[in-house]
Amino acid sequence: DGVVVSEKVKSNNLDVKIPESELEAEEKGAEEEHPKESDSNILDVSSDHPRDKHISIQRHLADLEKLADLREDERKPCPLCPEEKFKACYSHKLHRHLQNLHWKVSVEFEGYRMCICHLSCRPVKPNLVGDQTLSKMGAHYHCIICSATIVRRTDMIGHINRHVNKGETESRFITVRAPKSSYEVVKESATDVQVLPNHSTPQKTDSYFNPKMKLNRQLIFCALAVLAGERKPIECLDAFGATGIMGLQWAKHLRSSVKVTINDCNENSVTMIKENCHLNKMKVKLNIREEDNDETVGNGEENSDTIEVTKMDANVIMHLRSFDFIHLDPFGTSVNYLDSAFRNVRNLGIVSLTSTDISSLYAKAQHVAQRHYGCNIVRTEYYKELAARTVIAAVTRAAARCNKGIEVLLAVALEHFVLVVVRVLRGPTPADDSARKVRYLIHCQWCEERVFQKEGNMVEENPYQQLPCDCHGSMPGKTAVLLGPLWSGALFNTGFLRRMLLEAVQYGLDEAQPLLKTLVCEAECTTPKHFSTHSPGDENKQEECGVYIRTPNTSAESYLVHGKRKSEEVLRGAVKRQRAEHSAEHPPFYYNIHRHSIKGMNMPKLNKFLNYLSEAGYRVSRTHFDPMGVRTNAPLVQFKTVLMKYSAPTYVGAQAEGPVHHPGEIQVGEEVPAATEIKVEEAELAEDDESGVAAAMVTQFYPAHCAAD
């Protein structure tokens, strides 16, 4: 916010005459002693000694006039302006100057006015001529809290508001926690958390809590609940705790199934996490890196009610310890923490990450996506799925560097975030299999047809031949772009999603249930009317990467031996069966029905159009990425053909939806009688001329047929 300047002019000596030379000398001395003064302020926070403020910070206009020592018979300079800006003048003119130029444009805070200052407190760069234009460039404000110098008044107001949101209202250079009365208690999923004002604005408060991410937290909870049903107990980490809401929900609902660790590198956040644990009657196990002794506080008797709170960098704690479940939710991108997350995560564990850098992932800042993810993307009709595949590609590369492969269990891209949940498979073979699924995408910019590039290292003579469309031959210039590298495999695991849905129903997570139902239909590429929570073959299909689930015909003891997995042969056989069951993956990407609608035609309802595509022999489903999107394995040409066939002209008022039969259009295998053609032509000509002249013309040209009629 500017250069930090500290000046000492005692507030109780306002009536003493201070020459301008002494003021400048004190300002230079204060700049040299700034580091020492900040250290002394840190040590003397608890003392009751009044703090020194800059002379531009006053309570009343009269106090500012006392600094000028106004007298009617003498010329006095302005205490807040250099002599070259405002020359010495008599009292009446100086009074108007202080009132209009300094006092009226001040910023008020807790009874004090931070007046605009034109002194040489803030260093000014010389202009092209070389002189110091203090009159135009030297105006600034002094912050009453941190002594920073801010140029604009609006910036100063925002600067003060940020101090207030963080609770910094007491002293310079010291973060003071806000009083208890300023806290707000927010309840979500039977969990109470204390938050500071403006808690939903990141980077302005230590207790960041976004109510719009409730759906994201519910999805992550369901994924953890499914993992907790496979093996107990599991060690899970919330690497970016903030208020601790997510870890508290895990511990409060899953109890002894999980051992929760909440981490944050901010001291104020760690303090608030501990207070929120006490608010929810949880024991706190402190494990701060700087301290060797662990401290347990709280009113709890069972070990299941204990939450471990750590104050470390997220990369450090993931390097030091192993976990079964890791969730990453930093502000922005998660790529800086992927290597640490996959280094020590246990085999068949789960890593979930939430990316909120929407501007780069949704192709609004393409250079940022290139910098963070090493991926070239453009804005397309399927940009949300493109964002999810971009994140998964980065996750795959990070896991492969640690000799680990992944299986994508869930990928969700909504308005505010991109959530990816993957299962970790140890070994070079799964790592190689996952790395081979990272490919480039060929995207046609004219018709938005797309296809993944074929595997292999040989250079294609004509890459356009891989596209199903013929835009390159009919359009001038280059028509396609190469996007990626992207994840080309499946985005969902049907069995895992079904179990997540069961957990959502069990714990009453109402917001997650509709989305999970849509995801199950999307994973199976089926319409909602064919969806069933309890289908006959579901129990046998609920198997991912060798992890067996308890079924009505089998028991957990037949698959789990003292909390460990069975031998490698059993795991490999299970993986082969799982691959065979999921060989028919859902088709990649989707088409937007509005994007490909025909001008001048009313397209059919979306659900009816899905039925038409299904009757044509294609797999089809809706997608959560786009409410008007259709995921299908039909080529774009066939997609448009079916859409055109069942669209109605806009000028037909109450025509029912159905196939459009154009005059003169002969279907293959059909014989149209000549008389029928004549009647069609008669009807068309009669519409053009209501007087009957057209009918006479038809009789003249086709006399034999008219006589036969």
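Which residues of α3 are buried? The notes below come to that in point 2.

1. What we are looking at. This is a predicted model, where local features need pLDDT of at least 70 and side-chain atom pairs count only at pLDDT 80 or more, while totals for chains, interfaces and linings use all residues. Residues are numbered from 1 along each chain as its sequence is written, and side-chain values use heavy atoms, with hydrogens and water left out. The protein has 25 helices and 24 strands; these are DSSP runs numbered from the N terminus, helices being H or I of at least four residues and strands E of at least two. Of its 709 residues, 49% count as buried. Buried means under 20% relative accessible area, exposed means over 50%, and partly exposed is what falls in between (1.4 Å probe, protein chains only). The accessible surface is about 35900 Å², with 49% of that belonging to carbon and sulfur atoms; the areas come from the Shrake-Rupley method with a 1.4 Å probe, and for residues only the protein chains shown count as cover. For contacts between residues at least 6 apart in sequence, 65% join residues at least 24 apart, a contact being heavy atoms within 4.5 Å.

2. Helix α3. Back to the opening question: the buried ones are L61, D63, L64, E65, L67 and A68. That is six of the eight residues of α3 (residues 61-68), so the helix is largely enclosed by the rest of the structure. The cover over those buried residues includes β1 (57-58) and α4 (91-103).

3. The α7/α17 pair. Two packed helices are described by the angle between their axes and the distance between the axes. Here α7 (residues 214-230) and α17 (residues 494-506) have axes that come within 9 Å and cross at roughly 105°. The axes are lines fitted to C-alpha atoms, for helices over the stretch in contact, with angles running from 0 to 180 degrees between N-to-C directions. The two helices are therefore roughly perpendicular to each other (65 to 115 degrees; under 35 is roughly parallel, over 145 roughly antiparallel, and the rest oblique). On the α7 side the contact uses L219, C222, A223, A225, V226 and E230, and on the α17 side F496, R499, M500, E503 and A504. By class that gives eight nonpolar, no polar and three charged residues. Nonpolar covers Ala, Val, Leu, Ile, Met, Phe, Trp, Tyr, Cys and Pro, charged covers Asp, Glu, Lys and Arg, and the others, Gly among them, are polar.

4. T354. Where does T354 lie? It is in strand β14 (residues 350-355). T354 is buried at 0% relative accessibility. Setting aside neighbours within four places in sequence, the contacts of T354 include M213, N216, I220, H327 and F417.

5. Cis peptide bonds. K232 to P233 is cis, with omega near -15°, and P233 is in the loop between α7 and β8 (234-238). Another cis bond joins G484 and P485, with omega about 10°; P485 lies in strand β19 (residues 480-487).

6. Positive phi without glycine. A190 is not a glycine, yet its phi is positive at about 65°. A190 is in the loop between β6 (184-188) and β7 (191-195) and is partly exposed at 41% relative accessibility. C525, also not a glycine, has a positive phi of about 55°. C525 is in the loop between α18 (512-524) and α19 (538-541), and is buried, with a relative accessible area of 7%.

7. G600 is in the loop between β20 (591-592) and β21 (601-602) and counts as partly exposed at 38% relative accessibility. Beyond its neighbours within four places in sequence, G600 contacts A648, P649 and T650. D433 sits in helix α15 (residues 428-435) and is partly exposed, with a relative accessible area of 23%.

8. The annotated span. UniProt, in an unreviewed entry, places "domain: C2H2-type" at residues 143-163. UniProt positions are in the numbering used here, feature names are shortened, and annotations may be inferred rather than shown by experiment. In the model, the end C-alpha atoms of that span lie 10 Å apart, and the span is 52% helix and 10% strand.
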